[in-house]
Amino acid sequence: MARQNPKVEEPEESDLEVTGHPKTWAAGVPGVYHSMQPAVEHMGVERSRKTLLALNQKDGFDCMSCAWPDPGHRKTFEFCENGAKAVTWEATPVVVGSEFWAEHPVSELRKRSEYWLGMQGRLTEPVYKAAGEDHYRPVTWERAFQVVADKLKSLPDPNQATFYTSGRTSNEAAFLYQLFIRAFGTNNLPDCSNMCHESSGWGMGQTIGVGKATVSYDDFGKADLIIVMGQNPGTNHPRMLTALEEAKEAGGHIVAVNPLPEAGLMRYKNPQKVKGIIGHGTQIADQFLQVRIGGDMALLQAVSKRVLDAEAANPGKVLDHAFLAEHCDGLEELWAHLANLDEAAVLEATGLRSEEIDELAARYVAADKVIITWAMGITQQKKGVATIKEIINLLLLRGNIGKPGAGASPIRGHSNVQGDRTMGIWEQMPPAFLDALGQEFQFEPPRDHGLDAVQTVRGMRDGGVKVFVGLGGNFVGAISDTAAAEAAMENTELSVQISTKLNRSHAVTGAEALILPTLGRTEIDRQDSGPQFVSVEDTVCAVHASHGVVEPVAPGLLSEVAIVCRLAAATVGDRTSADWAGFEKDYDLIRDHISRVVVGCEDYNTKVRQKGGFVLPNGPRDSRTFNTPTGKAMLTVNELEHVDRPAGTLILQTMRSHDQFNTTIYGNNDRYRGIKKGREVVFVNPADLAELGLADGQHVDIHGVYKDNVARVLRNYRVVSYPSAKGCAAAYYPEANVLVPLESVAEGSQTPASKAVIVRLEPVKVLEEEPAAAG
C-alpha cells in the first residue's frame, strides 16, 4: 500500500496568478470537485470511500480539522471541502522512507516550504538528530524513549522542560499527557489555545464563569438573529454554512462583521441541495458591516448604548429586567459608562456610518433570540478579552444567554483543542482539578502556574527552558515572531516532536532532536485488548467517540496514547499509581480515571459509547447559573481603545488561504480570493494604494512597525488590490507571523495580536540593466 514520497515542485514567484475579484459565494459544485479530486488522486478510490464515508459519522472518526459540531441527524456526506482535504493529507499512503533522511539534511529542510514538507508523506519510524549533526537517522523506539527520559531526568529543575499540545490530540492522550507532565513536576503546558481562543476563555470566564459556548448545534436553527464576527466560515469551518442556511430557512437573520468580504459570509451553494447545484443558493448575510481591524469593541459598545437608549425611551420594553435583576450584576455601572460614549470615536475606530450601526441595533432589539459567534478575528486583537466582554454585555442586556436559540458561541478552530483543556491541558488548571488528580493517582501535583506559548518562547530564548516536547502541532510555525521563535528553539538542548507528517518544527530544532511518528485519527488503533477508540469534544461541549477505519499506513507506528505511556514509564516510573502499561493496552482504563477526575465526565465509558456521545454540563446554558465570585453574570466596564495607525502605515491581519488548515498547506491556491500558484501576496484597499502611491501588482517589502524597532520584514510580496476595509491589509499565515512581535499580545490572555500588526509597504527597488557595451 505504501508509496514513496513524490516529486513536489516549490512554486516560483513567476508562477503566481491573480485571477480577479473575490468570489461572492462558497461551496457548490467546485467544493465537491476540490474535495474529491485530491482524495482519489492521493488515496485511491477504496481508501477515499472508507475514510470520507466514515468522517464525522456516529460510528466513524472525528474530523481532525475544525471543531464544528455534528447534527443529530447526519447526512451520508457529513464533511466539507477542507475536512476532505484534511483526511487526504493524513490518510495518504505516501510515506517518508528511511533513505529520505540520508538524502535531506536538516539544513536543507529549513529552506523548504510548509507545503513541500507536508507533501513528502507520512512519517513511519522514529528518527534522531544528534548534537552537532545535520541529519536525522532512524532509531528504535526503545532508543528514542531512552533519549527523552535520560535528558528529562538529568534536568536540575523540571520547569526547565516545556510540553506543548495541539488540538489534534484525543481526550485520552491529553489526559495522560498532563498526568505525565505533572508527575514529572511542572505545569509548563502551553497549547494551541494560547494562540487562538485564550481570549475567549478569559473574557467569558470573568463574566459568565465558563469559557465555552453556551449554545448547542440546534440553537442556530432556532435563532432570530445570528451575528457572525471576525470569522470566515467558508474556509475555516465550512460545515457551519449548513447551520447558517438552516437558520435562514427557519426565518432567522444573519449579520456579518468582518474587515474582508468573505465568500462564505455572502452566499452558500449547498452541494447537497438542488438549489445549491443549479440555483443561486442561499444568501447568508442580511447585513455586512465592514469594520476596520480593531474596531469591533467600539461597534459593540455603540450597539449596547443604542439598546440602553431605546430602553430609556421606552421604559420596560427593551431590556430583560427580570433576567438582569435575578442573574446579573453591573448594569448601572455599564449604563453610566456608555452614556459618555463618543460617537465620533466609534465611527473613526469602526470605519462605519452611524446608519449602519443603527440598523444592527434595530435588528438586535427586534430579535427575541440572538447568537453572537466569533473566532480569531476577535481573539487575536490587543483588546480581544475586553471585546469578548462587550459581546457578553450585549447578550446579557436582553437575556440572550440560557434560553433556546440564544447565546455566546466562540468557534474553536481545531478539532479537540477544547477537549484538551477539559482534560487538564492548561498551565493554570484550578486547584480543584489538581486536588482530584493528586488524589486519584496518589501524588502531589505542582501548584505554581506554568508557561504559556509566548512565555515558552521567552524561556527558551533566555536559557531557562532546555527541553521542548510537542504532542502534535507545529509550534515554531504557528507562534508569532518567527525569527525570535526559531532562534529560541535552536537554543534548547533537545526538541521532540510527536507527529504524523513533516512541518517546520522538524527543521528548526534543539541541539538534539527527535521525531516520533504516530497513528492518525483515520487509522485503526489495535492494542493488546483489541481495537481501541478515542474521544473528542467539539465547540459546543459535545463529547463523542472517534474510531479509525483504515489500516495504518505502515507497520510499527504507535498511537499517541502508547507514545505518552512509554515516555511516562521511562521518565517518571512509579512516582504515581498510574498503570502506564495497562493504559496502553486498554483505553477504557484511562476513561475510568477521567470519570473520577474531570467534572462532568462521570460514568465516561458508558456515556461516550452512546450514539452521538454526550454533552458536558454548562451552567449558563443549562440553568442560568454562573460560576463567578458573586454567582451572577457580570456586566463589565471596558475602556475603549482602537488601533492607532500612524500616517503612511496600514493595519495588517494574518489569515488562512482557502487551501490550508492552520499551518498545514494543502495547495498554493486561494480560489475564493482569486489567487493561484502562490502565497506571497498582500491584500490592500485600492484607495489605500492610491494614497500610498502604490499600484496593483507592484512588488513591495512589508516592514513591521513596532516600538522595539526590531527589523521584521517580508520581502518581495505582490500587492493585490482588494476590497478590504479602508486602512487595513491582509497576508497569509504562517508566513506573515514574522511581522507579529512576540511582545504584542492580547491584554490578559497573552494571545499573539496577529490581527493588529502595523506595517509599512516599501516598493522593491528594481535595478536597471546596464546598457550593452558598443561592439
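The structure holds 17 aromatic pairs. Here a pair means rings of Phe, Tyr or Trp (its six-membered ring) with centres within 6.5 Å; planes under 30 degrees apart are stacked, over 60 edge-to-face, the rest tilted. This is a predicted model: local features need pLDDT of at least 70, side-chain atom pairs count only at pLDDT 80 or more, and totals for chains, interfaces and linings use all residues. Residues are numbered from 1 along each chain as its sequence is written, and side-chain values use heavy atoms, leaving out hydrogens and water.

Reader: What kind of aromatic pair do W580 and F583 form?
Author: The ring centres of W580 and F583 are 6.0 Å apart.

Reader: Which helix holds both W580 and F583?
Author: Helices are DSSP runs (H or I, at least four residues), strands likewise (E, at least two), numbered from the N terminus. W580 and F583 are three residues apart, about one turn of the helix. W580 is buried (under 20% relative accessible area; exposed is over 50%, partly exposed in between; 1.4 Å probe, protein chains only), at 4%, and F583 is buried at 1%. The helix is α28.

Reader: How many residues apart in sequence are the parts that F683 and Y722 tie together?
Author: The ring centres of F683 and Y722 lie 4.8 Å apart with planes at 65°, so the pair is edge-to-face. F683 lies in strand β29 (residues 681-684), and Y722 in the loop between β31 (713-721) and β32 (728-732). Both F683 and Y722 are buried. The parts are 39 residues apart.

Reader: Which ring does the charged end of R112 sit over?
Author: A charge sits over a ring if NZ of Lys or CZ of Arg is within 6 Å of the ring centre and within 35 degrees of the ring normal. Ring pairs link F100, W101, W116 and Y136 into a cluster. The charged end of R112 is 4.1 Å from the centre of one ring, that of W116.

Reader: Why are the buried residues of α23 on the same side?
Author: In α23 (residues 431-441), the buried residues are F433, L434, L437, G438, E440 and F441. The arc uses directions from the helix axis to the C-beta atoms. These residues share a side of α23 because they cover an arc of only 165°.

Reader: Which residues are exposed on the other side of α23?
Author: What covers the buried residues of α23 includes α8 (171-184), α22 (417-422), α28 (580-585) and α29 (587-597); contact means heavy atoms within 4.5 Å. On the other side, the exposed residues are P431, A432 and Q439.
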